[in-house]
Amino acid sequence: MILNWNAYTRRFVLSAVIIVLTAVFFLNTFFHSQITQAEKNQLNQYEGFLHETISNLVRQKQTTTQVLAIALSNSIDFRKVLKQRPADLHERLKKFTDELALHTGYRSIWIQLIDTKGVSIGRSWTTVAGDSLAMVRKDIADVLKNPRKINNFSVGKFSLTFKSLAPIFDSNGKLLGILDVISQVDSIDRDLKTSSGVNSVVLVDRRYRSQLTKARTGMFVDGYYVANAGVQKSVLNMITQYGADKLFRAKGHVVIDNTLVITTPMKNILGQKIAVWLSFKPMNVVDLSNTRQLYKNYAMGMVATILFLVLSMLLLFFKKKSDLERRFFYQVFDESSEVIYVTDKHRVVQANRQFFSLFDDISTVEQFNEKFDCLSNMLVEEDGYLSRYVDGMLWYEYLLQDNHKTLLAKLKTKDGVRTFKVRTNIISNSFGHDYISVLLTDITEEIRYKEELEHLIIHDELTGIYNRHYFNETLEEEIKRAHRYQVPFSLISFDVDYFKNVNDDFGHDIGDTVLKILTKEVARSLRDTDKFCRIGGEEFCILMPETDLEEAATTAERLRKSVQEIPYSDVPRAVTISLGVTKLNRWDNASTLYKRADVALYQAKDNGRNRVEVIAS
């Protein structure tokens, strides 16, 4: 039907349409910005969830591999195998891993036996044997030298794998060999695909390209090794198109061809990035539609219901899986290399064999409870270590505030004082009674090794004084401190005159001896607050906090005389040094201060050596 519009009606309708369209435009712009921000926030939340999921799966994989290694080393008579070395060892190991995959779900487990010389005597995944691994894998060399359980996550010649080494001893405690349990990243890929619908690609840093001589998957993209099997060709093409190097260095997430790609760095036990986990999910599958339904209660209710059902199904799935795994892990609880016990807050109710290895005369829970009322009876209380009360609470109550919290404890054992990492957790039985599980990890050797390593990092191996690395870091810190508190700071730089002639005439061994004697003589004349560093060769520097230029010059002259007077009985010829002295000015940084001290040093050498030159600015 044709309507007859008069002029007023047409203007009204036109104005109304303009107002409505304007309102729609502004409201659409407003809501679009809100939705865009909501989508961005949801993507960030999803990224964080996926990072946490992958981290949890990796930790679970490491723990499972460790427990499996401990269980296998005590469940199968590998002692006889290591002694007899049967010809069909590969077939036996392969059969065992096949049955393990069939009955337990461990589908990507490799097993290797290594003798006391570090030679592989049998592998489950290949017939290759007889090759020496002690020089190739540091973890194997460490276990042979100091038998103990070791976990590692590293790149070998086959792939990126989780490794757990367990030493095997005979009845007399003699080392027979090592059980090496190796697991792949494939199971994490499958779990992630099942639980989150995410396709994954694990790219190993291309610096390991030459090391992967027998790469398991055989797949490489721009020099980066693809560690998980079954990756779709379309996904590999997407990586190639975007650039594997860009993806390896990317942080957070990127979108490629309407596909969300989330990058998760994978690090080894030293904190070094060795691989990156790439998670792929099409944008049309990522659940972002909820942000466009913010104002529709019914749709939100449906989403909440679906999520509730999905979560309920996931909870049911993981509960069944947990029940199955609990029965398996209970079998290996008693064989764990960690000290584990359970208490009801009043007495110990359960403990594994390793717990009783701490004592000479206690072999049952009842005997322990008769002699002790708590673990704290065995504590050696020192600053920085666990004591009976922490912040006014019993030690286990303090730890239970955060299940991820770990404290160090020193315990008196039959083998002397040992250092342990202590963790606790609340567990409940079917009757609702709460118990506390305590896990003690012996890190005595680890702490000793760490202390030795920290000393080597900042000390010169020949002379024992601080090295160039320590000098660079400490110089920056002292300059900042001097500027902040407006206190004087001076720097002395010196080297040994004609030291090259000593090396040429008497040899480098005598030259090293001269440097040791000289540093010992100089160190005797310095204060505790002075930092004596070897920069390289025969060049040295002395950092002098809260020392003005005049005092530093006096010290330098005293050092010059002291070195000059070293007896001939100690060195092959007279030893002298040339010294340059300078002070910190308000415009100085580490580079300008060091260069000025170096200029002063060379002035001393140009002016005849065996002298002190001072440059103030």
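Gln-401 sits in the loop that joins helix 11 (395-400) to strand 16 (407-413), where helices (H or I, at least four residues) and strands (E, at least two) are DSSP runs numbered from the N terminus. Gln-401 is exposed, its relative accessible area being 52%; buried means under 20% relative accessible area, exposed over 50%, and partly exposed in between (1.4 Å probe, protein chains only). Thr-424 lies 23 residues away from Gln-401 along the chain, and their C-alpha atoms are separated by 9.6 Å.

A word on what you are looking at. This is a predicted model, in which local features need pLDDT of at least 70 and side-chain atom pairs count only at pLDDT 80 or more, while totals for chains, interfaces and linings use all residues. Residues are numbered from 1 along each chain as its sequence is written, and side-chain values use heavy atoms, with hydrogens and water left out.

Stepping back to the whole protein chain, you will find 17 helices and 23 strands. Of its 617 residues, 44% count as buried. Among contacts (heavy atoms within 4.5 Å) with a separation of 6 or more, 56% are between residues 24 or more positions apart.

Helix 1 spans residues 7-75 and contains Thr-64, which counts as buried at 13% relative accessibility. Thr-64 is 100 residues from Ser-164 in sequence, yet the two are 9.7 Å apart in space, C-alpha to C-alpha. Further along comes helix 5 (residues 186-196), in which Asp-186, Ser-187, Ile-188, Asp-189, Leu-192 and Ser-196 are buried. Gly-197 follows helix 5 and has a positive phi, near 65°.

Which residues other than glycine have a positive phi? Asp-222 is one of them, with phi near 50°, and Glu-546 is another, at about 55°. For context, most residues other than glycine have a negative phi. Asp-222 belongs to the loop between strand 7 (220-221) and strand 8 (224-226), and at 44% relative accessibility it counts as partly exposed. Glu-546 is in the loop between strand 21 (539-545) and helix 16 (549-564); Glu-546 is also partly exposed, with a relative accessible area of 46%.

Now for helix packing. Helix 13 (residues 468-485) and helix 17 (residues 590-606) pack at an angle of about 115°, their axes 10 Å apart. Here axes are lines fitted to C-alpha atoms, for helices over the stretch in contact, and angles run from 0 to 180 degrees between N-to-C directions. That angle makes helix 13 roughly perpendicular to helix 17: angles under 35 degrees count as roughly parallel, over 145 as roughly antiparallel, 65 to 115 as roughly perpendicular and the rest as oblique. On the helix 13 side, the contact is made by Arg-468, Phe-471, Leu-475, Glu-476 and Ile-479, while helix 17 contributes Ala-590, Leu-593 and Tyr-594. By class, these residues are six nonpolar, no polar and two charged, where Ala, Val, Leu, Ile, Met, Phe, Trp, Tyr, Cys and Pro count as nonpolar, Asp, Glu, Lys and Arg as charged, and the others, Gly among them, as polar.

Helix 14 (residues 499-506) and helix 15 (residues 508-524) form another pair to inspect, with axes that come within 7 Å and cross at roughly 140°. The two are therefore oblique to each other. Phe-499, Val-502, Asn-503 and Phe-506 of helix 14 meet His-508, Ile-510, Gly-511, Val-514 and Leu-515 of helix 15. This contact has six nonpolar, three polar and no charged residues.

Asp-528 and Met-544 are 16 residues apart in sequence and 10.0 Å apart in space, C-alpha to C-alpha.

Finally, the cysteines. How many disulfides does a search of the whole structure find? The search finds zero, a disulfide being a pair of cysteine sulfur atoms within 2.5 Å. For Cys-533, the nearest cysteine sulfur is that of Cys-541, 7.3 Å away, and Cys-533 is in no disulfide. Cys-533 is buried, with a relative accessible area of 0%. Cys-541 is likewise in no disulfide, and its nearest cysteine sulfur is that of Cys-533. Cys-541 is buried too, with a relative accessible area of 0%.
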